[in-house]
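Hi,

Here is the structure I promised to pass on. Have a look at it first, and then read my notes below.

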Amino acid sequence: MIHITFDHSYARDLPDAWAPVRPETPPAPELLYWNAELADELGLETEQASEAELARLFSGADIPEGAQPIAQAYAGHQFGGLSPSLGDGRALLLGEVTDRNGQRRDIALKGSGQTPFSRRGDGKAAVGPMLRELIVGEAMQALGIPTTRALAVTATGEPVYRERPLPGAVLARVAASHLRVGTFQYFAIRGETGMLNKLADYTIARHYPELAGQDGRHLALLAAVAERQAALIARWMHAGFIHGVMNTDNMALSGETIDYGPCAFMDAHYPGTVFSSIDHQGRYSYGNQPAIAQWNLARFAETLLPLISPEDPAAAVPAATEIVEGFEEQYLRRWLEQARRKLGLEGERDGDQALADDWLVLLAAHGVDHTLAWRYLADEAEGKPERLTSLFPSPDALAPWLKQWHARHVPRTRRPPDIAAAMRRESPLYIPRNHLVEEALDVASERGDMKPALKLLEALRQPFTEREGLERYALPAEPELAEGIGRFAGHNKELAAYL
């Protein structure tokens with residue numbers, strides 16, 4: 001038996017925030033993927049373990065020694081509507097480990113069967129969605145975007161029944177924690193201020209220890225979460241990532257991206273692109289993501305009001321409003337910082353935001369591929385315009401903006417090849433193109449063949465380095481994915497408007 005040193009601070013410190021659960025025993029667990037690099041990072045001693053042992057441990061067939069499986073409680077706004085009791089309906093937390101960097105990390109199973117929060121669901125998952133979470137999570141990690149990660153994907157040997165029978169699977173997921181905005185909502189809805197206090201102190205101790213014991217720490221917690229979310233969403237937007245379901249139960253307080261359901265990376269740059277078949281109004285479209293993050297932060301702020309000002313929660317509204325409103329400025333600052341690097345700009349000038357905005361308007365106007373446009377702009381910096389201009393209907397469409405961009409580079413203190421190299425370090429060539437992900441998932445699900453998925457992962461692990469033989473992994477789908485319908489939403493100016 002593999003030995004893992006588990007701790008259980010969540011279960012110990014928050015006794016009313018979970019329910020005990022046992023994973024269901026799959027009939028024939030088979031390891032589809034094992035992340036040996038992540039296992040080593042976590043300090044897991046698994047080198048001597050067979051694939052059969054790993055499959056049993058991380059599918060729920062065997063409970064690792066020292067594990068204490070629990071299902072976490074949380075609420076959440078789903079597409080704007082409040083569900084007061086959601087919780088882990090098909091997931092469970094095995095426990096926490098301390099990794100080689102001294103960081104506490106959760107190890108959880110997803111798709112391991114019913115829990116007390118499953119309602120009428122079967123609590124199980126299919127191979128395709130679990131492999132999607134693996135592929136997209138590893139891509140985000142390689143892109144430098146904070147993310148949960150897949151430790152293992154294990155086929156269960158039994159079907160799950162959706163629109164049709166699908167092969168079942170369990171994902172072993174690693175996260176800085178599974179604390180969510182919805183976790184706070186669960187207790188706020190019930191008026192359990194004592195539990196909110198415990199939860200806030202636990203969140204601070206785990207993710208923002210510099211705030212521990214401070215007066216005003218609850219308001220500071222709101223500000224710290226807002227800052228991490230601004231940085232996260234700015235990186236999403238530059239990568240062309242669309243989460244798809246930015247419900248409050250999918251906003252992690254650690255600042256990691258969590259839950260890769262109907263998500264994808266854009267091909268053609270279009271702010272209204274959606275990747276959820278039920279998002280008919282475009283609530284979670286690409287361009288709406290900063291506004292939705294702010295909306296979710298307002299929901300988090302609501303839960304903290306009785307902690308910020310226990311005697312009169314309404315008195316905390318102005319201070320909380322200021323932080324929520326300030327998210328937009330934080331996000332734009334973070335976004336512009338990265339835009340300057342991707343545009344190869346030196347220093348800061350007043351017209352940089354307009355230059356970057358005009359670039360995106362140009363991409364949207366001509367349906368240009370988001371990833372390749374940013375990447376091939378580095379070629380232009382070296383005086384090699386061919387790949388960039390090929391993305392546009394004619395060189396004339398690009399010329400006026402390029403004239404402004406070249407003018408912004410004067411005076412220049414770096415050589416063009418150095419500028420181009422720095423730009424390529426910021427703009428990836430390989431992303432998990434939706435059509436390639438679907439191709440890999442279909443082959444794995446229908447034929448049990450993991451080779452396409454592993455080949456895609458190989459390309460994605462070095463997204464900034466162009467390599468021979470991987471040309472198809474850089475190209476968008478033909479025909480392009482259908483456009484979405486959403487547009488960037490405006491921001492309310494008072495927290496009261498969110499209450």
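Which residues have the most contacts inside the largest nonpolar core? They are Phe58, Leu151, Trp359 and Trp405, in a core of 155 residues. By core I mean buried Ala, Val, Leu, Ile, Met, Phe, Trp, Tyr and Cys residues joined through side-chain atoms within 4.5 Å, with buried being under 20% relative accessible area, exposed over 50% and partly exposed in between (1.4 Å probe, protein chains only). Helix α7 (residues 217-239) gives the largest share of this core, 12 residues.

Before going on: this is a predicted model, so local features need pLDDT of at least 70 and side-chain atom pairs pLDDT 80 or more, while totals for chains, interfaces and linings use all residues. Numbering starts from 1 along each chain as its sequence is written, and side-chain values use heavy atoms, without hydrogens or water.

Back to Trp405: leaving out residues up to four places away in sequence, Trp405 touches Leu343, Leu345, Leu355, Leu377, Glu380, Ala381 and Met423 (contact is heavy atoms within 4.5 Å).

Then there is helix α9, which holds Leu332 (helices are DSSP runs of H or I, at least four residues, numbered from the N terminus). Leu332 counts as partly exposed because its relative accessibility is 36%. Its C-alpha atom is separated by 10.0 Å from that of Ile233, 99 residues apart along the chain.

Cheers

Definitions and conventions: Helices (H or I, at least four residues) and strands (E, at least two) are DSSP runs, numbered from the N terminus.
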